[in-house]
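Please keep the structure in view while reading.

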Amino acid sequence: MRISSALRREQLVDATMEIMQETGVQSVTMREVAKRAKSSLAAVHYCFRDKDELVHAAVERWIHEMVPDSIRSAGSVGVRAAVRDILDAWWEGLEKVPQNAQAQFELFLWAVRTGSRVGQSMYPLYLSAIDLVLNEAQQAARETCDWDLITIARSLLVIVDGCSFQYFNDPAGSGAKALSYEMAEAIFDRAHVKVRLDKSR
């Protein structure tokens, strides 16, 4: 049965992510993705120019999971609420499928080590997605903040990265999840995130 190119792309991204979760990004090849997706090699090359483009599509999927449509459409009111929503989504995904998060960390290190162009775009893509949500949340709450939102987004990624590694090392005893929320609260206090008193401005 013939399927649309859009659906085929999704299947190929699924296969790419599965391979990275199981054996690492170094195992991702166009041929292996075709085999995993039960597709022809020609179809893979039709949908994606090369391995980097395939992996980039996987990154975009992961970003969508970290900042899902439910957060974007809900319109979190306030930076604090938006950050908590993002942390909720991250921890839900990590606890459900830890291999997914592990693959993301491994991918970034691989990209830096090999000079892949994925490494140049991966971190900025995460920052951009988070910054957009924070900006909308700040405007909705009419908040003021001493820090620019991109700094808060960077700080959030620092928290996520560090606490995730602690969780991987000791899921039951590290308290990493609770610590991530406490660290976020410390950032809010340091950045002086607060509702603007003069609502007319």
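An axis is a line fitted to C-alpha atoms, for helices over the stretch in contact, and the angle between two axes runs from 0 to 180 degrees between their N-to-C directions. Two packed helices are described by the angle between their axes and the distance between the axes. The model discussed here is predicted.

## Helix H6 against helix H7

The axes of H6 and H7 come within 4 Å and cross at roughly 105°. Angles of 65 to 115 degrees count as roughly perpendicular, and H6 is therefore roughly perpendicular to H7. On the H6 side, the residues that meet H7 are Trp-90, Gly-93, Leu-94, Glu-95 and Lys-96. Their partners in H7 are Pro-98, Ala-101, Gln-104 and Phe-105. By type, the residues of this contact are five nonpolar, two polar and two charged.

## Helix H6 on its own

The buried residues of H6 are Val-79, Ala-82, Val-83, Ile-86, Leu-87, Ala-89, Trp-90, Trp-91 and Leu-94. An α-helix has 3.6 residues a turn, so residues three or four places apart point the same way. Trp-90 and Leu-94 are among the buried residues, and both also take part in the contact with H7.

## Helix H1 against helix H7

Helix H1 (residues 5-23) also meets helix H7 (residues 98-114): their axes come within 8 Å and cross at roughly 85°. H1 is therefore roughly perpendicular to H7. Met-17, Met-20 and Gln-21 make the contact from H1, while H7 contributes Gln-99, Asn-100, Ala-103, Glu-106 and Leu-107.

## Cysteines

How many disulfides are there? A disulfide is a covalent bond between the sulfur atoms of two cysteines. With a cut-off of 2.5 Å between the sulfur atoms, the count is zero. The cysteine sulfur closest to that of Cys-145 belongs to Cys-163 and is 20 Å away, too far for a bond. Cys-163 is buried, because its relative accessible area is 2% and the limit for buried is under 20%.

## Tyr-46

Tyr-46 lies in helix H3 (residues 41-47). Is Tyr-46 buried or exposed? Its relative accessibility is 67%, and exposed means over 50%, so Tyr-46 counts as exposed. Tyr-46 and Ala-129 are 83 residues apart along the chain, and their C-alpha atoms are separated by 28 Å.

Technical notes
Residues are numbered from 1 along each chain as its sequence is written. This is a predicted model: local features need pLDDT of at least 70, side-chain atom pairs count only at pLDDT 80 or more; totals for chains, interfaces and linings use all residues. Side-chain values use heavy atoms; hydrogens and water are left out. Helices (H or I, at least four residues) and strands (E, at least two) are DSSP runs, numbered from the N terminus. Angles under 35 degrees count as roughly parallel, over 145 as roughly antiparallel, 65 to 115 as roughly perpendicular and the rest as oblique. Contact means heavy atoms within 4.5 Å. Buried means under 20% relative accessible area, exposed over 50%, partly exposed in between (1.4 Å probe, protein chains only). Ala, Val, Leu, Ile, Met, Phe, Trp, Tyr, Cys and Pro count as nonpolar, Asp, Glu, Lys and Arg as charged, and the others, Gly among them, as polar.
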